[in-house]
Amino acid sequence: MLYTHATIITVNRAREIILDGALLVRGNLIGAVGKTQTLKAAHPHEEETDLTGRIVIPGLISTHVHTAQTLIRGAADDLELVSWLCERVWVLQGNYTHQDSLAAVRLSIAEMLKTGTTCFLESMFADRYNFDNLCVAVQESGIRGCLGKIVMDIAKYADNPKWSMHPGLVETREMSLLGAVKMWEKWNGAADDRIRVWFAPRTPGGVSDALYKEMSALSRTHGISITMHCAEVKADRAFFASVGHTPMSYCEEVGLLGPQTVLVHMVHLDDADIAKLAETKTHIAHCPTSNAKLASGICRVRDLQTAGVNVGLGTDGAPCNNSNDLMQEMKLAAIIHKAVSYDPTAVPAENVLEMATINGARALGLEGSIGSLEVGKKADFVAVDVRSVGMQPWFSPASAVVYSATGRDVDIVVVDGKMLVRGGKLLTMDEAEIVLEAEKRSKEVVARAGLVEAVKGSWPIA
């Protein structure tokens with residue numbers, strides 16, 4: 001297939017942007033990238049898809065997602081993190097059935113695909129949700145997924161007995177760590193290598209030192225990557241201090257740091273923490289909407305990048321973002337650091353687009369196959385329609401994508417050479433059925449949790 005007449009943001013090493021550009025797809029790979037006239041002359045008999053009026057970008061890569069949480073979107077608004085987690089989110093998730101989780105996963109994937117995310121890192125899928133269902137949903141939809149299975153053995157937040165998990169979510173070492181290894185053995189590399197299985201340990205204070213060390217050893221011997229929430233709120237920093245550590249000195253002691261690890265949020269760091277991250281080549285997932293909505297603070301992205309730390313971008317879960325749209329996340333990531341630094345040049349559009357593409361690929365260990373539009377890489381890309389009143393006029397393609405576009409402007413999505421979205425419509429999933437199932441099951445979960453009145457908000461609903 002030849003995709004023609006597009007403006008192509010390649011994110012290749014030279015960061016080339018091609019006007020009236022074309023992409024040749026051969027199987028699941030990019031066969032050629034260049035000017036439309038040149039590629040059409042070289043491949044005169046190739047089937048063609050005209051992308052006039054579209055900007056083509058590499059498929060977006062979300063380095064932090066909670067697919068199970070989309071079923072409770074809007075059910076925990078305007079709460080601080082610990083109350084949000086212990087009194088609302090955990091209670092709701094602790095009442096999930098396997099079919100509830102499947103409905104949530106399918107809703108998440110559908111939204112991600114429609115808004116341009118072609119690869120995501122699931123960051124703590126519980127045993128209760130049924131990991132097999134997650135993998136089947138990824139396999140059937142066509143999306144690319146790095147899927148983190150929860151690892152834990154302490155049922156509290158920051159080791160505080162007042163902040164206990166819902167009993168329905170508590171797991172043992174055997175369920176979590178050994179279960180994750182079993183899922184890795186079963187699913188890693190499945191779906192034409194679109195599925196990778198990761199360890200996803202709970203935040204420090206929710207995992208014993210011994211279990212972290214055991215997991216880290218397995219990570220090294222088996223080649224299983226790790227993702228973990230860390231230094232998200234002040235309570236996390238207090239926990240590290242209580243055991244005589246900074247966030248990164250603790251993580252280093254239990255074996256978590258290294259190029260196989262993506263640490264999430266990372267708001268409360270000191271300079272020594274940042275230096276250690278750079279030294280160990282540990283990656284960061286930045287989630288500005290979640291951090292802002294939960295008033296957790298703001299990640300020191302500029303300082304991290306100046307130190308040489310790789311920073312990707314994630315939406316986090318729907319209860320703390322209300323969206324799985326990484327397009328919207330890009331805009332906030334570009335704006336929020338300008339506000340806090342009083343510097344309008346901070347974190348420019350091109351930097352943010354790198355975070356959502358090639359940096360994300362690097363964080364997931366997939367830089368050699370996705371994250372940029374280059375010959376020999378996987379054909380994962382997105383066409384953004386810029387022919388609408390909300391997108392015109394535009395001058396810089398990168399600025400148009402980051403500052404003007406939302407997921408609703410996504411026209412075509414291709415993953416592994418297969419078109420999964422066309423004209424903004426899903427081709428591999430039944431959107432109407434997904435929406436109906438999610439609406440039904442979300443109400444059932446809220447009722448089982450006894451939170452029907454609590455989730456309605458503060459204004460009376462007649």
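Biologist: In which helix is Q93 placed?

Modeller: Q93 belongs to helix α2, residues 81-93. This is a predicted model, in which local features need pLDDT of at least 70 and side-chain atom pairs count only at pLDDT 80 or more, while totals for chains, interfaces and linings use all residues. Residues are numbered from 1 along each chain as its sequence is written, and side-chain values use heavy atoms, with hydrogens and water left out.

Biologist: Is Q93 buried or exposed?

Modeller: Buried means under 20% relative accessible area, exposed means over 50%, and partly exposed is what falls in between (1.4 Å probe, protein chains only). Q93 has 5% relative accessibility and therefore counts as buried.

Biologist: Which residues does Q93 touch?

Modeller: A contact is a pair of heavy atoms within 4.5 Å. Leaving aside residues up to four places away in sequence, Q93 touches Q69, I72, R128, Y129 and L169.

Biologist: What does S62 touch, and where is S62 placed?

Modeller: S62 is in strand β6, and with 1% relative accessibility it counts as buried. Its contacts, again not counting residues up to four places away in sequence, are T117, C119, F120, L121, L313, G314, T315 and L326. One of these, L121, is 59 residues from S62 in sequence, yet the two C-alpha atoms are 6.3 Å apart in space.

Biologist: And N321: buried or exposed?

Modeller: Buried, at 11% relative accessibility. N321 sits in the loop between β15 (311-313) and α13. It touches T289, K293, T315 and E329, not counting residues up to four places away in sequence. Its C-alpha atom is 9.1 Å from that of C287, 34 residues away along the chain.

Biologist: How do I read the packing of two helices, say α5 and α7?

Modeller: Under 35 degrees counts as roughly parallel, over 145 as roughly antiparallel, 65 to 115 as roughly perpendicular, and the rest as oblique. The axes of α5 (residues 173-187) and α7 (residues 209-222) come within 11 Å and cross at roughly 10°. The two helices are therefore roughly parallel to each other.

Biologist: Which residues of α5 and α7 meet?

Modeller: An α-helix has 3.6 residues a turn, so residues three or four places apart point the same way. From α5, R173, L177, V181 and W184 meet L211, E214, M215, L218 and H222 of α7. The residues of this contact divide into six nonpolar, one polar and two charged. Here Ala, Val, Leu, Ile, Met, Phe, Trp, Tyr, Cys and Pro count as nonpolar, Asp, Glu, Lys and Arg as charged, and the others, Gly among them, as polar.

Biologist: Which residues are buried in α16?

Modeller: In α16 (residues 397-404) they are P397, A398, A400, V401 and V402. These buried residues pack against β1 (2-9), β2 (17-26), β5 (54-58), α13 (326-341) and α14 (349-355).

Biologist: Where is there a cis peptide bond?

Modeller: Look at omega. The bond joining Q392 and P393 is cis, with omega about -10°. P393 is in the loop between β16 (381-385) and α16.

Biologist: Which residue other than glycine has a positive phi?

Modeller: D78 is one of them, with phi near 60°. It lies in the loop between β6 (60-65) and α2, and counts as exposed at 73% relative accessibility. D192 also has a positive phi, about 55°, although it is not a glycine. D192 lies in helix α6, residues 190-193, and at 57% relative accessibility it counts as exposed.

Biologist: What do the totals for the protein come to: how many helices and strands?

Modeller: There are 17 helices and 19 strands. Buried residues make up 60% of the 462 residues. Among contacts between residues at least 6 apart in sequence, 74% join residues at least 24 apart.

Biologist: What is the radius of gyration of the protein?

Modeller: It is taken over C-alpha atoms, and the globule rule is 2.2 Å times the number of residues to the power 0.38. For 462 residues a compact globule would have a radius of gyration near 23 Å; the protein has 21 Å, which agrees. The C-alpha trace spans about 70 × 50 × 45 Å along its principal axes.

How values were computed
Axes fitted to C-alpha atoms, helices over the stretch in contact; angles between N-to-C directions. Helix = DSSP H or I, 4+ residues; strand = E, 2+ residues; numbered from the N terminus.
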